[in-house]
Amino acid sequence: LVASSPELSNAVYTAVRLGVPEKYVAVARDMDGTVNEDFTRLLQSLIARFDVIGDPLEGYVGHGSLKSCSESMARDLVMFGQMACELVLDKSRLPYRLQPISATVIQFEPDGNGVRPFQKVGDTKFDLDVPTVAIIQLDSNLLSPYATSPMETALKAVVFSEMFMADLTRVMRRAIHPR
């Protein structure tokens, strides 16, 4: 419905634009809250690395800047109530890029301690319970590992509006257009 409903489309667009700023400041702090200059320089160099196009020999990898990744994840958070991302490491185990993971492909299965997230592509399952994957849920439900969209309450009104407009169009075609 987000693709076809002007109201929902505008709501998602506005939430993403308001939630992801044009400019930001990245600062690394120690555990006591003081700014750590060395780690701040490291953090800023990592962010610059994420924003630069990767190795051309790698081919298409489908990642963009930090802002682009943030927008993709914010859209998932608004539409599905959940966002996820993987920190991809290079051969020397340094952060190379961020790879957003669509909330629609994440599934959960029970394990001994609760639930374990995974992604299924074809017949292959990829374990997402690794330190480089972060899954964040908005207003998570304690009884289910699956998130719900904050847009869910608007669906009934949007569907009603679409049905009303379809009825109105049908009445206009029958009563007004023939004359």
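Colleague: Where is the place of D139 in the chain?

Modeller: Helices (H or I, at least four residues) and strands (E, at least two) are DSSP runs numbered from the N terminus. D139 is placed in the loop between β6 and α4, the latter covering 155–175. This is a predicted model, in which local features need pLDDT of at least 70 and side-chain atom pairs count only at pLDDT 80 or more, while totals for chains, interfaces and linings use all residues. Residues are numbered from 1 along each chain as its sequence is written, and side-chain values use heavy atoms, with hydrogens and water left out.

Colleague: Is D139 buried or exposed?

Modeller: Buried means under 20% relative accessible area, exposed over 50%, and partly exposed in between (1.4 Å probe, protein chains only). D139 is exposed, because its relative accessible area is 65%. Its phi is positive, about 50°, although D139 is not a glycine.

Colleague: Which loop contains R93, and what is the phi of R93?

Modeller: R93 sits in the loop between β1 and β2. Its phi is near 65°, a positive value in a residue other than glycine. With a relative accessible area of 67%, R93 is exposed.

Colleague: In what order do the strands form the open sheet?

Modeller: Two strands pair if DSSP finds at least two bridges between them. Here 3 strands form an open sheet in the order β2-β1-β6, with antiparallel pairing. The edge strands are β2 (95–101) and β6 (133–137), each of which pairs on one side only. From one strand to the next, the twist averages 20°.

Colleague: How many bridges join β1 to β2?

Modeller: Strand β1, residues 82–89, is joined to β2 by 6 bridges, and the two run antiparallel. One place to look is L89, whose bridge partner in β2 is P95.

Colleague: Which strands does helix α2 touch where it packs on the sheet?

Modeller: Contact means heavy atoms within 4.5 Å. Angles run from 0 to 180 degrees between N-to-C directions, with axes fitted as lines to C-alpha atoms, for helices over the stretch in contact. Helix α2, residues 37–51, packs on the sheet and touches β1 and β2; its direction makes about 60° with that of β2. Helix α3, residues 66–80, lies across β1, β2 and β6 and runs at about 150° to β1.

Colleague: Within helix α2 there is T40. Is T40 buried or exposed?

Modeller: T40 is buried, because its relative accessible area is 11%. Leaving aside neighbours within four places in sequence, T40 is in contact with A26, V27, A28 and V35.

Colleague: Which backbone atoms lie 3.0 Å and 2.7 Å from a polar atom of the T40 side chain?

Modeller: A polar contact is a pair of N or O atoms within 3.5 Å; within protein, one must be able to donate a hydrogen and the other to accept it, and residues adjacent in sequence count only if both atoms are side-chain atoms. For T40, the backbone nitrogen of A28 lies 3.0 Å from a polar atom of the side chain. The backbone oxygen of N36 lies 2.7 Å from a polar atom of that side chain.

Colleague: How many helices and strands does the chain have?

Modeller: The secondary structure comes to 4 helices and 6 strands. Along the sequence they follow the pattern α-α-α-β-β-β-β-β-β-α. Along its principal axes, the C-alpha trace spans about 75 × 45 × 40 Å. Buried residues make up 23% of the 179 residues in the chain.
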